[in-house]
Amino acid sequence: METVPEQKIVDDLPQRPNRRNFLGKSALLGLTGAGVSLGLAGCKDEGAAQKPAGSASAAAASQAVGHEIMPGQLDDYYHFSSGGHSGEARILGIPSGRTLRRIPVFNMDPMVGWGITNESKAIMGTKADGSLKYTTGDTHHIHGSYKDGTYDGRWLFINDKMQSRLARIRMDTMECDKIIELPNVMGFHGIFPDKCDPVDPKINYTTRVFCGTEFHMPLPNDGRDLDDPSKWGCLFSCVDAASMEVRWQCRIDGNMELVASSYDGKLAGATNYNTENAADLAGMMAAERDACTFFNIARIEQMVKDGKFTTIGSSKVPVVDGRKAANPDPKTSITCYVPLGKNPHGVNATPDGKYFVCADKLAPTATVVELALVLKWFAGELKEPRDAVVAEPEIGLGPLHTAFDGKGNAYTSLFLDSQVVKWNIEQAIAQFKGDKKAKVVLDRIDVNFQPGHGYSSMGETREADGKYFNSGNKFSKDRFLPVGPLHPETEQLINISGEKMVTIAEHTAYPEPHDGIIVRRDLVKTRQIYNMDDFPNAVKTPADSRIERKGNKVFVYLMSQAPAYSMPIIKVKKGDEVTITLTNHDKVEDLTHGCAIPTYNVNFIVNPQETKSITFKADRAGAFWMYCTHFCHALHLEMRSRFLVEA
């Protein structure tokens, strides 16, 4: 077998586009009257790419090869991602980028029957007439539950910014099992689970989920104070992870962007980009500094325990006051407002538990806050909240999100520069102290284009492994075949294991994914089949297959076992309210059955040993074939029953 020279491998690698040359040529053509728009105008610069050379080339080659997952091989990581205004969550494999599953959460999905079956409608929430309360959602952030500072494989939590809802997904089945709506909140954006109890270190697993609010609103929002935004406010919410009930809320100055939690459980933090409390765009950008608001969890919960709270409107949730005016003494304060750069966006906890790193969005900086110093401020031992800032490196334009490699390095997405920048935290701290020789920025890599969210493999845990960084890019001009005015977005996978970052894969993403996490596959333990005993309404034996009538309500109890339903004929009368309960009796992994009835909007699946039900009005007379939609057997197409509606 012929040996391929290392330099030949390097020469054959896809080269990085040079964004600055790309934009430069677009601007030049625009200035000469060629009619080409500035910015991401679609002008390609074929000569912009430059090949790496020397030892750096060899290093890049070794990083770029070997990531491809061959047919039949499994990925090393799960990539759990939000789905944006699709209202769903998504699972991909890393490093392949293959889509493994889409999990409906706040959206309807006729494939699995989400929002159609009685069980899913009960989770999503319904009106008095049984119809869904909401049929839309906007997911942004998804995070896993923790134990000992790393993922424990129990739950995923995901937000709905639009309707201010929090959902929980079981990781053994990858299905949503609970959704709640936060009271007196609008624009629920950032979320993060806690990692440890704030008082009892023996409780070293997730018990709470912290939820930030982005939009001001009247409190309560009952039609009063509509013309006086100065009376509006924002609430930070704490949800019990197990019961999925709101424990408490804390009112703050300004509004919140994203959220992080400390590894010792004592602090949660939210970036605050409207400390001006303004109601318009210009006002929200007036101040040169905004803040990261830190919440002292133990003090808040003690206040609630002592009854030092109020409630808002019809909500019974305890609300404490975290505004500056109500917290003049650090020793009793429940909040600490640490000044940052202008309009900060992301906030992330370093794997060593020492710092929160905030991305300052409208400033070219990241701000490093030492958590021990924040706790000293709460103890009255630090003069000013700003004294908790230990670094503020200039890293580039439009910093949004920061990830970590577990080796002391941070990786921040730069929206305006269309780059990811690698920088060293300890060097940034040394520079902040006056060390002019400190080398903060270690590397930069162009991405395509305008990166929003970025995250590294296991980077939100103590086990950050420094292998991959995923750059979620908001624009993909000219990267893929055109599919109309709406382009796909891009996910670019970057190898961060070496000195230099190397882009090793690029995939399309259906708009509009936001944040995500990359989890080692050994931490995820999924079920192969369900336990029939977990379903109280399961149809367990052929003798249990039956049709019961109670007035004009008809209950159909049905089994499926490839390739047949347990009853070949189901007969009802026009005007009946029909409830079909279906149990899948197959025990083979992935042997799923579907159930669809034409004209009646009946469409759902049941996995092995699972039970689901659906209720509908038989309002059209005639004969309808109820059939299996999910391939299950060589006689799958013959798997049918007659649904007969008498006039």
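Trainee: What volume does the second largest cavity have?

Mentor: About 40 Å³ for the second largest cavity. Keep in mind that we're looking at a predicted model.

Trainee: Which residues line the second largest cavity?

Mentor: The lining is made of Asn348, Thr402, Ala403, Phe404, Gly454, Tyr455, Ser456, Gly459 and Glu460. Strand 21 and strand 25 (451–456) each put at least two residues into that lining.

Trainee: And how do the residues of that lining divide into nonpolar, polar and charged?

Mentor: Three are nonpolar, five are polar and one is charged in the lining of the second largest cavity.

Trainee: How many cavities of 30 Å³ or more does the structure hold?

Mentor: Three. The largest cavity comes out at about 90 Å³.

Trainee: Which lining residues are the closest to the centre of the largest cavity?

Mentor: That would be His143, Leu258, Val347, Asn348 and Asp515, out of 15 residues lining the largest cavity. Asn348 is also listed in the lining of the second largest cavity.

Trainee: Which strand gives the most to the lining of the largest cavity?

Mentor: Strand 8, with three residues. At least two residues each come from strand 8, strand 12 (256–261), strand 17 (347–349) and strand 21 (399–404).

Trainee: Is valine 185 buried or exposed?

Mentor: Buried: the relative accessible area of valine 185 is 10%, and the cut-off for buried is under 20%.

Trainee: What is valine 185 in contact with, leaving aside neighbours within four places in sequence?

Mentor: Ser164, Thr213, Met217, Leu235, Ser237 and Gln249. There's a C-alpha distance to note too: valine 185 and cysteine 234 are separated by 6.9 Å, though they sit 49 residues apart along the chain.

Trainee: Switching to rings. How many aromatic pairs does the count come to?

Mentor: The count is 16 aromatic pairs. One of them is tyrosine 77 with tyrosine 468, an edge-to-face pair with 5.8 Å centre to centre and 85° between the planes.

Trainee: Where do tyrosine 77 and tyrosine 468 lie?

Mentor: Tyrosine 77 is in strand 1 (residues 77–82) and tyrosine 468 is in strand 26 (residues 468–473), so the pair ties together parts that are 391 residues apart in sequence. Tyrosine 77 is buried at 4% relative accessible area, and tyrosine 468 counts as buried at 11%.

Trainee: Which residues form an aromatic cluster?

Mentor: Phe210, Phe236, Trp248 and Phe295 form one.

Trainee: Last topic, charges over rings. What does lysine 324 lie over?

Mentor: The face of tyrosine 337, at 5.1 Å from the ring centre. Lysine 550 has its charged end over the ring of phenylalanine 555, 5.6 Å from the centre.

Notes:
Residues numbered from 1 in each chain as written. Predicted model: local features only at pLDDT ≥ 70, side-chain atom pairs only at ≥ 80, totals over all residues. Heavy atoms only, no water. Buried < 20%, exposed > 50% of the residue type's maximum accessible area, 1.4 Å probe, protein only. Contact = heavy atoms within 4.5 Å. Phe/Tyr/Trp six-rings, centres within 6.5 Å; stacked < 30°, edge-to-face > 60°. Helix = DSSP H or I, 4+ residues; strand = E, 2+ residues; numbered from the N terminus. Lys NZ or Arg CZ within 6 Å of the ring centre and 35° of its normal. 1 Å grid on protein atoms, 1.4 Å probe; cavity = no way out; pocket = protein on both sides within 12 Å on 5 of 7 lines; lining within 4 Å. Points joined across faces, edges and corners; volume = space filled by probe spheres on them. Nonpolar A, V, L, I, M, F, W, Y, C, P; charged D, E, K, R; others polar.
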